[in-house]
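Please keep the sequence and the model in view while reading the points below.

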Amino acid sequence: MNNNDPLLQPYRLKHLTLRNRIIITSHEPAYPEEGMPKQLYRAYHVERAKAGVAMTMTAGSAAISRDSPPVFNNILAYKDEVVGWLKDLTDECHEHGAAVMIQLTHLGRRTRWDKGDWLPVVSPSHNREPAHRAFPKRLESWDIERIIRDYADAAERMQAAGMDGIELQAYGHLMDQFWSPLTNELDGPYGGSLQNRLRFTFDVLRAIRQRVGTDFIVGIRYTADEGLQGGLRKEEGLEISRLLKDSGMIDFLNVIRGNIATDAGLTDVIPVQGMRNAPHLDFAGEIRSLTGFPTFHAAKIPDVATARHAIASGRVDMVGMTRAHMTDPHLVRKIIEGREEQIRPCVGANYCLDRIYNAGAAYCIHNAATGRETTMPHDVPRAPARRKVVIVGAGPGGLEAARVAGERGHEVVVFEAADKPGGQVRLTARSERRKEMISIIDWRMAECARLGVRFHFNLWADAAAIREEGADVVIVATGGLPHTEVLARGNQWLVSSWDILSGDARPGRNVLVYDDAGDHAGLQAAELIARSGARVEIMTPDRAFAPEVMGMNLVPYMRSLQRLDTTFTVTYRLKAVDRDGDLLLATLGTDYSDLEKTRHFDQIVVNHGTRPLDELYVELQPLSTNQGAVEYQDLILGRPQQVKTNPDGHFQLFRIGDAVSSRNTHAAIYDALRLVKDL
């Protein structure tokens, strides 16, 4: 252990000693069951506590009132039964030396009226939040009194659960809807001047302190600059920071910059891949310098070097590495043990947050155990007996299978037809914005090297080569190839999005990108073509384009494509293509009627997913003991595969990832982990 490492120095917050300077900031991974943090939620936080994080903050945020219905499957802090569940979580994290807090909020207008109990959304104005589209009721005095009381009730519950403290959420939610001139149109004591707009916050703090006393830790995560015309300005944010400190009711400031009312605003607050690391760190440092008060901060601090700089430079007292801990929950332990090179890197893909905002649970794009801690291991156990595992394909799924088999102690051999590993990830990482994706491959190659996995590149494996290896288990991870046979006629005139991304096809001048897969490849191809100076139209038969990219990842594409004057067309289907001289004549239809029309382009690019490269799998089936069959019940319950349908077979045979069907990187990695962990 490096005792001089700034990240590993303890920090005293009031009466609480935090064992190092790394925290997990409040976030809602959407794991609660019926609004309660039950077994999975607890296991998720305990895994990170065991590995040495100083403090884990639960919820992002827990709802304190019934008219703050959760839209991200949040914890329901307004229910008394939450106390027992949170006490179990807190006690277990405490056993491993980690402090535990929770973030409390009233969402205000950042929710919907048709969730929960169908109560009206409330806010200090009738102005709708673009992201959730609900027109709020303007708060009445009795609403304000009730909500203040709800905050105090919730804080008292958290203290009863034995938590180390609470954090109030004041960016985009009700509390800072009072602060911002854009969302506060009240008269009298709660509207108008900055002091009046802050009155609600200080009334809440006074009510909380009356319930929990002066020793219980209370902090606030807030925006000190909305970055919106007419919104909360930096000068006001600095004054708010000073007033919060001087109130004597707050113990720490957790600073953010920006607004979250739109996808674009949210993405600037929590940047995704291709965007600058730690963009608001200097601003947080300015707040700390001004106030001399305990200051926390998190916003795309994905690596240890950036986090170490944040502490060593004195910009913050505690640094949040939340998405980084979703990727590698053992991050702190690896720092302590001098194994930083083994930390699984966060690649900023934002699959985690985009899933939450799409009403799903948070999963890391390349750690399939996160959010599945009750069924999937972060530390893969050794197998009772050593076997020989042969893997065909060195994409993300194949490499994960190789890594996990290596951790199990098996002898592992990988065949790859290309000269480099990576598969589709290597292709997608050719785009500047997505270059961080290659770390998914680089990390696994380093781990495979540590584990003694043998690789054969530039080798097209066939059944004879597999037989020569004398494998006990064969895993086919050959991926797929683009599918462009989508038309009634004219398929020969199409090129795939992969052709564009790889450089095998040069961009045309007037190009239709027909995308009904809705993933990154279509938008990446469109952007590359548009950057060449071509006129580009993206068309989809769906009612919205690129649904698999999801909100926050869509933002950088839109900023680029709109600047490049790209046209977006929804609800039209490409039906046929004919040659018309030097041009292509596209016949377009729609699923909504029998309408048809034609348009001319000089290039038509199709993004329609992949079809499995499964020839080797089919060839190997009769040579295998299970003929490729998988017992799904055993797979789901974490038991070894025991199917034996061919007594003359020589090895077990499985396939994973796109070699099965067109899905995504996370699916391929999850396929590999849950299969191979039991081999």
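A residue is called buried when its relative accessible area is under 20%, exposed when it is over 50%, and partly exposed in between (1.4 Å probe, protein chains only). The model is a predicted one, in which local features need pLDDT of at least 70 and side-chain atom pairs count only at pLDDT 80 or more, while totals for chains, interfaces and linings use all residues. Residues are numbered from 1 along each chain as its sequence is written, and side-chain values use heavy atoms, with hydrogens and water left out.

1. The neighbours of S25. Two strands are taken to pair if DSSP finds at least two bridges between them. Strand S18 (residues 495–496) runs parallel to S25 and is joined to S25 by 2 bridges; here Val495 stands opposite Val605. Strand S19 (residues 510–515) also pairs with S25 in the parallel sense, over 5 bridges. Val605 is again the residue to look for, as the bridge partner of Val513.

2. Strands of a sheet pair through backbone hydrogen bonds, either parallel or antiparallel. In this model, 8 strands close into a barrel with parallel pairing, in the order S3-S4-S5-S8-S9-S10-S11-S12. From one strand to the next the twist averages 25°, where axes are lines fitted to C-alpha atoms (for helices over the stretch in contact) and angles run from 0 to 180 degrees between N-to-C directions. Asn254 stands opposite Phe296 in S11.

3. Aromatic pairs. Rings of Phe, Tyr and Trp (its six-membered ring) pair if their centres lie within 6.5 Å; planes under 30 degrees apart count as stacked, over 60 as edge-to-face and the rest as tilted. The whole structure holds 10 aromatic pairs by search. In one of them, the ring centres of Phe72 and Tyr357 are 5.0 Å apart and the planes stand at 90°, so the pair is edge-to-face. This pair links distant parts of the chain, 285 residues apart: Phe72 is in the loop between strand S4 (55–63) and helix H2 (82–95), and Tyr357 is in helix H12 (residues 351–357). Phe72 is buried because its relative accessibility is 8%, whereas Tyr357 counts as partly exposed at 34%.

4. Further rings. Trp113 and Trp118 form an edge-to-face pair, with 5.3 Å from centre to centre and 80° between the planes. Trp113 is partly exposed at 39% relative accessibility, and Trp118 is exposed at 58%. Elsewhere, ring pairs link Tyr151, Phe178, Tyr190 and Phe200 into a cluster.

5. Salt bridges. A salt bridge is a side-chain nitrogen of Lys or Arg within 4 Å of a carboxyl oxygen of Asp or Glu. By this rule the count is 54. One of them joins Lys38 and Glu34 at 3.4 Å, N to O; Lys38 is buried at 17% relative accessibility, but Glu34 is exposed at 67%.

6. A bridge between helices. What do Lys234 and Glu286 tie together? Their side chains meet in a salt bridge of 3.0 Å, N to O. Lys234 lies in helix H6 (residues 234–246) and Glu286 in helix H8 (residues 281–291), so the pair ties together parts that are 52 residues apart in sequence. Lys234 is partly exposed at 25% relative accessibility, and Glu286 is partly exposed at 32%.

7. A charged network. Salt bridges link Asp67, Lys137, Glu140, Asp143 and Arg146 in a network.

Note on methods
Helix = DSSP H or I, 4+ residues; strand = E, 2+ residues; numbered from the N terminus.
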